[in-house]
Amino acid sequence: MSDTNKILWYDRPARRWDQALPAGNGRLGCMQFGGVYEECWQLNEDSVWDGGRQTANGEQRDRMNPDAPEALPRVRQLLREGEVARAEDLARRALTSVPQGQRRYQPLADLRISWLGARQPWSEYRRELNLEKGRLYVSFFAGDTRYTRETFVSYPDQIMAVRLTAQGEKRLALEIRLTRDRWRYERGGREGKDTLWLSGGQDLKFCAMVRVTETDGRVEALGETMQVLDARSVVLLVAGASSFRELSPANGCRRMVEQAQTLGWEKLSRRQQQDFVPLMTRAGLELDGADRSFLPTDARLAAYAEGAADPGLEALYFAYGRYLLASSSRPGSLPANLQGIWNHRMDPPWGSKFTININTEMNYWLAARTGLAECEQPLFDLLDRLRGPGGRVARRMYGCEGFCAHHNTDLWADAAPQDCWLPGSYWPMGAAWLATHLWEHYQRTGDRQTLENHYTTLRGAVRFALDFLEKDRNGWLVTNPSVSPENSYFLPDGTVGRMCVGATMDEQILRELFGGFLQAAALLGKTGKTEEEAAMALPLLRPTAIGPDGRILEWAEPWGEPEPGHRHISHLFGLFPGNEIDPDATPELAAAAERSLRYRLKHGGGYTGWSRAWTVGLWAHLHQGEEAERNLRALLTESTFDNLMDNHPSKEGPVFQIDGNLGAAAAMADCLAQNGPAGLRLLPALPPGWRRGSVYGLCLTGGLRADLRWQQGRLAEARLFASRPWTGTLRCGEAQTRLTLCTGQTVRLDSMLKQQIV
């Protein structure tokens, strides 16, 4: 990445949380505001949630409605008979979990620093985030003294480290404290003169700790505050932990800061760079155009919203998506939730949970695509943990083997329905969709060991689906009950329905799941009842159909929609992220998908950041670069905060959701290279504004890695590396060739796709 593609910078402190800048190591995260005289790092630890595994009397928490097993056959029968209103009323009362809600993700603490003494006017302020280094910087002058702050969150050492310096006549005089949402914690205190801690929680305990070290100044402590006086420099080490991982969160924090203290700033810094920089430099996008990096990022975004061309800002947004995933999902952490790991609210929107009817999946589309395959491991760990709770729900609620999950899950891998929201709650395909990521991961990485490690989980998701499916009147295998996530439809009599039999998305997900499972079984030499039944069931899943108006049917019937511009585009799963619909391999379905997408957008679709990111990916897979560019511009203009985080409309105003950032980065990658049902395409949806540029490190299905360079909208050079044998058709524009590569082989191709083995 060039400097213009790796730095966000601002000429003033953040006034609001959505202007602050993020850093993280998967488990521990911060948002730094960069205030001159009042600085704040808002802290999160990924396992701080508002509830434990057990109830108040110590029993295992079980939310499944005891009336569900008896009511389910009646719900299914009513839906088969078209008695939707009666089915929904029964489901609302008998399938809804007790209690309805799952746990919420919550903040850990705020680390606050106040300036002591006279406050002089300040100048030459700069606040920045270096994406390649994973570093936050603040610098300014007060009088003739230059003050700096450097912050990183280390994955190797699991702490946040901050170094503050003063260069000039004046020295540092600071007060340090830990706080949490107006003192909403149980206890706070200090250890000696150099360490503060804050603890709390009921079912789940947590602790935050900060230690002062490496200072030439004087450290004083009283009550729950510390002061650093007359110092040229000081280092702060910050740790957080909860009882999800630690028997004693305080002891866990103490261990982490003590180990970090023995290493010291320089070694901690070096270890963090050795870990993070390679992640960020495995893939990158360069787009030529007028250099606007001299503008603060918020001013740059504002100019872009007014129509200024800024391909460099779009490349920066791509790098930022990779940065956010690498900072919020690392091996050993929980997966990135609705907000990654960055949340400052005790009661965040939608609980900041793992919403698995699109949002969590979208978070991981870019992982293996852009060289961040290990960042997907937390998702697979969660999927493994779902087998226990999801197995109990499958057996007791549905009478099925295997395991399932609905449209949300949480810290404890809760699999029972969340809420009693008819358009979303009773959708049992969450685990099935997540499980499709296992084969996709193998396809892009060739990581056979990960596939082997999680094969039992993959089989469990398939097993539930096989047991759950039933035959419709035409002999197709369909789901019942289900929904098309969060959408609703008009019945012929004008009433509104939400629950249904065999939503199109369900069939598409299961085709993806069964197909990947059977290929995995063949690769690993696995055989058995589930493998045999999946092979028989796959061709019996109801095909994706086209309605009388030429659009893809979202349900089994051509029903109208109360919200024709709905944010979910579920029935186009087969186009993207699925592999069922392709302009070259299935042109009729692709045309119907395009008609469906245009209809959705014409009626106001794409009004959330994640939905707009999805549309960018859909246009990319329809090979329409102009439309992809138009929707990317809409995403940055309408759904992006000053700190480039994705915003989502809510009752309280726009709020942060990370899925738009991460989903858009994946979609941008797919504008440049796709390996689909009809073969490999280079520059299939190159946005017209990306006239000249390059990309490196794209990981494609089939084990190919692609580096591309283009000029005037045409391919100049491509290099493809094969991690395993690959044979297929290669297209770029009108040019086409047949390509065969052996393991470890690299081929160079020119603009006419003439080959030269390197």
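Mentor: Let us begin with a definition: a strand is a DSSP run of E with at least two residues, and strands are numbered from the N terminus. By that reading, Gly24 is found in strand 2, residues 21-24. Please keep in mind that this is a predicted model.

Trainee: Is Gly24 buried or exposed?

Mentor: A residue counts as buried when its relative accessible area is under 20%. Gly24 is buried because its relative accessible area is 8%.

Trainee: Which residues is Gly24 in contact with, leaving aside its neighbours within four places in sequence?

Mentor: Gly24 is then in contact with Gly29, Val153, Ser327, Ile341 and Trp342.

Trainee: At what angle do helix 1 and helix 8 pack?

Mentor: A packing is described by the angle between two axes and by their separation. Helix 1 (residues 68-80) and helix 8 (residues 377-398) pack at about 65°, and their axes are 7 Å apart. Helix 1 contributes Ala68, Pro69 and Leu72 to the contact, while helix 8 contributes Arg396, Met397 and Tyr398. By class, the residues of this contact are 5 nonpolar, no polar and 1 charged.

Trainee: How many salt bridges does the count come to?

Mentor: The rule asks for a side-chain nitrogen of Lys or Arg within 4 Å of a carboxyl oxygen of Asp or Glu. The count comes to 54 salt bridges. One of them joins Arg104 to Asp50, with the closest N and O atoms 2.5 Å apart. This pair links distant parts of the chain, 54 residues apart: Arg104 sits in the loop between helix 2 (84-94) and strand 5 (109-115), and Asp50 in the loop between strand 4 (38-45) and helix 1.

Trainee: Why do Arg104 and Asp50 count as partly exposed?

Mentor: Partly exposed is the class between buried, under 20%, and exposed, over 50%. Arg104 is placed there because its relative accessible area is 30%, and Asp50 because its value is 27%.

Trainee: Which salt bridges lie within a helix?

Mentor: Two examples may be given. Asp89 and Arg93 meet in a salt bridge at 3.2 Å, N to O. These two residues are 4 residues apart in helix 2, so about one helical turn separates them. Asp89 itself is partly exposed, with a relative accessible area of 33%. The other example is Glu626 with Arg630, whose closest N and O atoms are 3.4 Å apart. Both residues lie in helix 16 (residues 625-638), 4 residues apart, about one turn of the helix. Arg630 counts as partly exposed, at 44% relative accessibility. Elsewhere, salt bridges that share partners join Asp549, Arg551, Glu554, Glu561 and Arg600 into one network.

Trainee: How is a sheet to be read?

Mentor: Strands of a sheet pair through backbone hydrogen bonds, either parallel or antiparallel. Here, 4 strands form an open sheet in the order 28-29-33-34, with mixed pairing. Strand 28 (673-676) and strand 34 (735-741) are the edge strands, each pairing on one side only. On average, neighbouring strands of this sheet are turned by 25° against each other, direction ignored.

Trainee: In which sense do strand 28 and strand 29 pair?

Mentor: Strand 28 and strand 29 (residues 679-682) pair in the antiparallel sense over 4 bridges. In this pairing, Gly676 stands opposite Gly679 of strand 29. Helix 17 (residues 659-672) lies across both strands and runs at about 80° to strand 28.

Trainee: Which residues form the covered face of strand 34?

Mentor: In a regular strand the side chains alternate between the two faces of the sheet. The covered face of strand 34 holds Ala735, Thr737, Leu739 and Leu741, and the uncovered one Gln736, Arg738 and Thr740. Strand 34 runs antiparallel to strand 33 (residues 726-732), joined by 7 bridges, and Gly728 stands opposite Leu739. The hairpin of these two strands has 2 residues between them, and Gly733 there takes a positive phi near 60°.

Notes. Residues numbered from 1 in each chain as written. Predicted model: local features only at pLDDT ≥ 70, side-chain atom pairs only at ≥ 80, totals over all residues. Heavy atoms only, no water. Buried < 20%, exposed > 50% of the residue type's maximum accessible area, 1.4 Å probe, protein only. Contact = heavy atoms within 4.5 Å. Axes fitted to C-alpha atoms, helices over the stretch in contact; angles between N-to-C directions. Nonpolar A, V, L, I, M, F, W, Y, C, P; charged D, E, K, R; others polar. Pairing = 2+ DSSP bridges.
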